[in-house]
Amino acid sequence: MSAPTTGQLPVVVIGAGPIGLAAAAHLIERGIDPLVLEAGPTAGTAVRDWAHVRLFSPWAEVTDPAAEKLLSPTGWVRPDGMTYPTGGDWADDYLQPLADVLGDKVRYGIAVTGVARAGRDRIVDSGRDEQPFTVHVQLSDGREERIAARAVIDASGTWSVPSPMGANGLPALGEKASADRISYRVPDLKHPAVRARYTGKRTAVVGSGASAFTALAYLAELAKEEDGTHAVWILRRSIGTDTYGGGEADQLPARGALGLRAKAAVENGYASTATGFRTEAVERGTDGRLVLVAEDGRRLEPVDEIIVLTGFRPDLSFLSEVRLDLDERLQAPTALAPLIDPNVHSCGTVYPHGVNELSHPEQDMYLVGMKSYGRAPTFLAMTGYEQVRSITAAIAGDREAAERVELTLPESGVCGGAGLFDDPDAAQDSTGGGCCAAPSTLQIGIGAPASSGGC
């Protein structure tokens, strides 16, 4: 029996999260065989890690059209498009049913350890593009396999690599040694063991985004009920008019309410602040408590726990033998980086993009979803769905469809982050305008959005 040609091989999709599963759905729609490799035991393993947190985006903006077509014959009905799911809702009510429909096209417990061209390391030019990819994987039982692929779509996200607390992007001195007292996730204080960890404790929260707001709000609620509980909010900048977001003027009510709850936590004394504090070291005292030390020598009062919420970054280690063109700052594709640079753009001003911005010197190798944004926090699920629609069209040879990139997004958009699990009413947009104002439909080559808002 002859070996399959490259065109007969599957497209390997790394990650069974929302964007990876959407990629598989679009490939099937194009008549191309996908193979989704998921390191975890279920679909949406990373999403389940924040199951207790509510999204800012409503259901209407977190499901993919091609995926819905696959789900429809099973009797699946999308939840009310104007309601806001938690991470757990998203995983249970959409991602897992989608993965179940895909059946054996999704394999669990498989970690990708390397991607390369068959018989070619990154140095060799000769015949490179004609060779299939070889994807090296390790199974949960320790066995290794090699999988041949016609193309690779890396939708593995950034969840597995949280950024450290060190102000220079590296772990602070002593950060690794204090790992038993440091968390890089928003705590689920409804879980008894997690609640006990922070009850009656002094906890430092490092970060300035929506995740930090959420943690502060959670800890403030705990402090109201449990004496001795206090949060110390560590900010690298000073507190200004925009520190807590748009408040009541925010076009996204859930996000505005979240900022206001963080502000209330400080004003009501449940949290104190340390501003202009750029962490250089974490020292452990004889009593086991931790002292944060700033670059300017300031030392804070000891804390019992630290929650670091300073963002995420992509794991590029298993892509060392493929040729990627990445921006030196964001670690995003070079052509995409200027469109998503958080120094310039909020998610509402991210221009539409597809295969042209996501291509690399390595033909048919793509980073999508959060992975494609590198260290930028402005990703939208709907942006990822459009990415994979464009890319799968290109893989199928339909260049016209691939370059006809359309992106519908709210004028103010939804940056990374989420609402509070225990405040669903605040996560409803009574205006009926989705996550913000009326959406803008954009097409590549037409230019910048006509209007934009803060994110």
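I began with two helices: the axes of H1 (residues 18-29) and H10 (residues 381-395) come within 9 Å and cross at roughly 35°. Axes here are lines fitted to C-alpha atoms, for helices over the stretch in contact, with angles from 0 to 180 degrees between N-to-C directions. Helices (H or I, at least four residues) and strands (E, at least two) are DSSP runs, numbered from the N terminus. I noted that this is a predicted model, where local features need pLDDT of at least 70, side-chain atom pairs count only at pLDDT 80 or more, and totals for chains, interfaces and linings use all residues. Residues are numbered from 1 along each chain as its sequence is written, and side-chain values use heavy atoms, leaving out hydrogens and water.

Next I listed contacts (heavy atoms within 4.5 Å). Among them, Ala22 and His26 of H1 are on one side, and Tyr385 and Arg389 of H10 on the other.

Then I turned to a sheet. Strands E5, E6 and E7 form an open antiparallel sheet in that order. E5 (110-117) and E7 (144-149) are the edges, each with a single partner strand, so one side of each has no neighbour in the sheet. Pairing takes at least two DSSP bridges; E5 and E6 (residues 133-139) have seven. Arg117 has Phe133 in E6 as its bridge partner.

Last, I looked up rings and found five aromatic pairs (Phe, Tyr or six-membered Trp ring centres within 6.5 Å; planes under 30 degrees apart are stacked, over 60 edge-to-face, the rest tilted). Trp76 and Tyr94 are tilted, at 6.0 Å centre to centre and 45° between the planes.
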